Every structure is written in structure tokens, then in C-alpha cells.
Amino acid sequence: MPDDSRWMRLALGLGARGDGQVWPNPAVGCVIVKHGRVIGRGWTQPGGRPHAEVVALAQAGDAAAGATAYITLEPCAHWGQTPPCADALIRASVARVVVALTDPDPRTDGGGIARLRAAGIAVTTGVLQQDAARAHRGFVSRVVAGRPRLTLKLATSFDGRIATATGESQWITGPEARRAVHAMRMRHDAVMVGAGTVRADDPSLTVRGMGAVRQPVRVVLSRHLDLPMDSQLARTAADVPVWLLCGPGADPARRAAWQGQGARCLTVAPGAGGQIDPAAALAVLGGAGLTSVFCEGGGALAASLLAGDLVDDLVGVTAGLAIGAEGQPGIGAMGLAALAEAPRFRLRATRPVAGDVLHEWTRAD
């Protein structure tokens, strides 16, 4: 129908309000329309419940009978911590359901659509499917590939440096660009860095200046857990989640010390050279329920993720200054011998942010 795309676009916009706030659930949007008028709107609420359909149906009330529901992801057909949304739509006596994307979760995977049709409800699928696939790509990645979607962010000088030779890095980019990065953190389930970044910069990795939000999990890859116990992460681990991904040989005393501070320590299988295997690390995070991770460095971690073909999106913030070859590169050595071996990304958007330039890229395949 001609208006289907219009209402589904609204549902996608609503669903985006849950980005970074609803894991391990998907950030779904739902719009209920009757006689060309919206009578109910909903999106997955912080923490993952209630689901978008339940919120929209509650707003619509009895008027939902005979209406059309536009939903960005197939309504769930299984019992979890809440009843199936497909059953809620059936009880509300909606006449039609329009679904953008089928849910790949084996507990649903077409079952929600089949249940609706069996109850006599007309179902249309595939409306704005590509847009919905992008909106739900983190959830789909966790279900299908077993790992969260990964965005790699690099804030660099014009010549690709993240610090001077002495390690000075604050600040290469301006305050407006840093605020934009906080907004990106807010839309991800977790922020991830390597141990070297924690030792060098003592970051807090929290979202600031965005009001009351569900803070992202702060993830650090540290093979030996040799991290300073007086760091901002240690001091705030009881208040904002800190997950430490360590190797099997990590010092038990250090593990106990961090757990005593409130951190969660997760063991990851070693990869080449005994370092933490980045693919195994992401699998651990996916198994823990994360659907999207925002990686902010450092250079060695960025190189390992790119070399392992684990980066789904790139975000670059480039400042108009040059540091020179003696500065620290944004990406460490990747061992490439030919351009054909280099991972390529496709430009999605670029815009000025005060005196800096923000550019976003996605996988070229």
C-alpha cells in the first residue's frame, strides 16, 4: 500500500530511540495506524522491556481493533521475560501487521508471522527491509554471527596520528567533535579500548552531557589484567559496568582485586603470540548479550580488529593539524604486503563538526 513506507519510516525512527539502551533485545519501533491516523506509538524501553508493540498497543487501547500495526522487526513468538508480542497483537484484534524484517532468532524466525496469519490477521513483509536490516544489524549479527556489530572510531590529526611522540593527545579534536562522539557512545551497548589506552589516558569511557541514559558497558582487553587500580575505571566500576577481557593466565590476585571493585572479568582464548584473540573476544561479548560495540582504540587493537575482518563500521574524526611521522599512528602494523589485502570501506556520510571533519564508513561488501 502506498502509505506503508511512510509509517514504517516513522517506526524506524522511533526504534532508533532505543539504540544502546535495550540490549540484549533489539531496538524495535512500532506504529499503530487507523483511518490514516496514528493511534499508538512505541519503542523498546530501556533494559529491553516492555517491547515496542506492547507500548504502542497500550497507547492505542481498544481503538487498536481493526487497525494496522507497523513493526520494524517480526513480533516475537516465544516466552522470555515477557509474553509473545504476536499474541498481544492477536488479543488486540488488529486487522493487519506490516513487518520490515524477519527475526532471525530461532525462537521466532517466521513463527510470529505464522501465528498472526493463523489468527486471521493479514501480514505484509519486507517494507523498507534494507533500512530495517541496517537498524537491526547489531542484533542480527549477535544472533547469526555470534558477535556484536563493531564500530571502530579514530580521532586523528590530518596525517593520521593519535598522539605526539611523547604521548600527548588531549586534545587533537575540538569540544564539538568530542560531544558528537559522546552521542555515538550513547547509541552503542559498550565502549571498548585496549589496556594501553587505559594506562596512557586513564579514560572514564562514560557518556556525558546527554542527560540520564543507560551508560554503555566499558570493555577493556587486558591479557594480564595489568591495569592501574587507581584509575577512573576502577574507582567507578561499582557504578558503571566494567568488563575486563583477559587471558587464561591472568594473575588471580589481580582478577580478585578488580572483581572486588565491581568489575566483571571474562576469560578469552589466546590468539597469535599469546595475545587475546579479537574474534574470540567479540564472541564472548556476544554471548554476554551485547549487540553493538564502539571501539575507541588504541592503535594495536584497531589493527587487530581490521586484520581480523571484524570491523563493520568506521568513524573518523579528523582535525586540521599535522603531527608528523614521529607521532603515534592511529592504526598499528597490519602486515599487509599488497593493497588488495587491505580492508575497504564505503563512505556513508561526511560533515564538518566545528573545526573538524566527521566521516562515517561501512563495509564495502
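Start with isoleucine 32: leaving out residues up to four places away in sequence, it touches Arg37, Val38, Ile39, Gly40, Ala56, Leu57, Ala60, Ala67, Thr68 and Ala69, where contact means heavy atoms within 4.5 Å. This is a predicted model, so local features need pLDDT of at least 70 and side-chain atom pairs count only at pLDDT 80 or more, while totals for chains, interfaces and linings use all residues. Residues are numbered from 1 along each chain as its sequence is written, and side-chain values use heavy atoms, with hydrogens and water left out.

## The cores and helix H2

Ile32 also turns up in the largest nonpolar core, which has 38 residues; Met8, Ile32, Leu89 and Val97 touch the most other members. A nonpolar core here is a set of buried Ala, Val, Leu, Ile, Met, Phe, Trp, Tyr and Cys residues joined through side-chain atoms within 4.5 Å. Buried means under 20% relative accessible area, exposed over 50%, and partly exposed in between (1.4 Å probe, protein chains only). At least two core residues each come from helix H1 (4-15), E1, H2, E3, H3, strand E4 (96-99) and helix H4 (111-118). Those labels are DSSP runs numbered from the N terminus: helices are H or I with at least four residues, strands are E with at least two. H1 gives the largest share, 5 residues. There's a second, separate core of 28 residues, and Leu154, Leu266, Ile276 and Ala302 are among its members.

Now for H2, which spans residues 52-60: its buried residues are Ala52, Glu53, Ala56, Leu57 and Ala60. Looking down the axis of H2, these fall within an arc of 120 degrees, so they line one face of the helix; the arc is that of the directions from the helix axis to the C-beta atoms. An α-helix has 3.6 residues a turn, so residues three or four places apart point the same way. The cover over the buried residues of H2 includes strand E1 (29-34), strand E2 (37-43), strand E3 (68-71) and helix H3 (85-91). Just after H2, glycine 61 has a positive phi of about 65 degrees.

## The nine-stranded sheet

The open sheet has 9 strands in the order E11-E10-E9-E8-E12-E6-E13-E16-E15, with mixed pairing. Two strands pair if DSSP finds at least two bridges between them. At the edges sit strand E11 (264-267) and strand E15 (345-353), each pairing on one side only. On average, neighbouring strands of this sheet are turned by 20 degrees against each other, direction ignored.

Zooming in, strand E9 (residues 217-221) and strand E10 (residues 242-246) run parallel and are joined by 4 bridges. Leucine 221 has leucine 245 as its bridge partner in E10. Helix H11 (residues 278-287) lies across strand E6 (149-156), strand E8 (190-194), E9, E10, E11 and strand E12 (292-295), at about 140 degrees to E10. Axes are lines fitted to C-alpha atoms, for helices over the stretch in contact, and angles run from 0 to 180 degrees between N-to-C directions.

## One aromatic pair

The structure holds 1 aromatic pair. It is made by tryptophan 23 and tryptophan 243, edge-to-face, at 6.0 Å centre to centre and 90 degrees between the planes. The rule: rings of Phe, Tyr and Trp (its six-membered ring) pair if their centres lie within 6.5 Å, and planes under 30 degrees apart count as stacked, over 60 as edge-to-face and the rest as tilted. Tryptophan 23 is in the loop between H1 and E1 and tryptophan 243 in strand E10, so the pair ties together parts that are 220 residues apart in sequence. Both tryptophan 23 and tryptophan 243 are buried.

Most residues other than glycine have a negative phi, and most peptide bonds are trans. Here are some exceptions.

| Site | Backbone value |
|---|---|
| Tryptophan 23 to proline 24 | cis, omega near 10 degrees |
| Glutamine 170 to tryptophan 171 | cis, omega near 0 degrees |
| Histidine 35 | positive phi, near 55 degrees |
| Aspartate 202 | positive phi, about 50 degrees |

Proline 24 is in the loop between H1 and E1, and tryptophan 171 is in the loop between strand E7 (161-163) and helix H7 (175-186). Histidine 35 sits in the loop between E1 and E2 and is exposed, with a relative accessible area of 78%. Aspartate 202 is in the loop between helix H8 (195-201) and E9, and is partly exposed at 28% relative accessibility.
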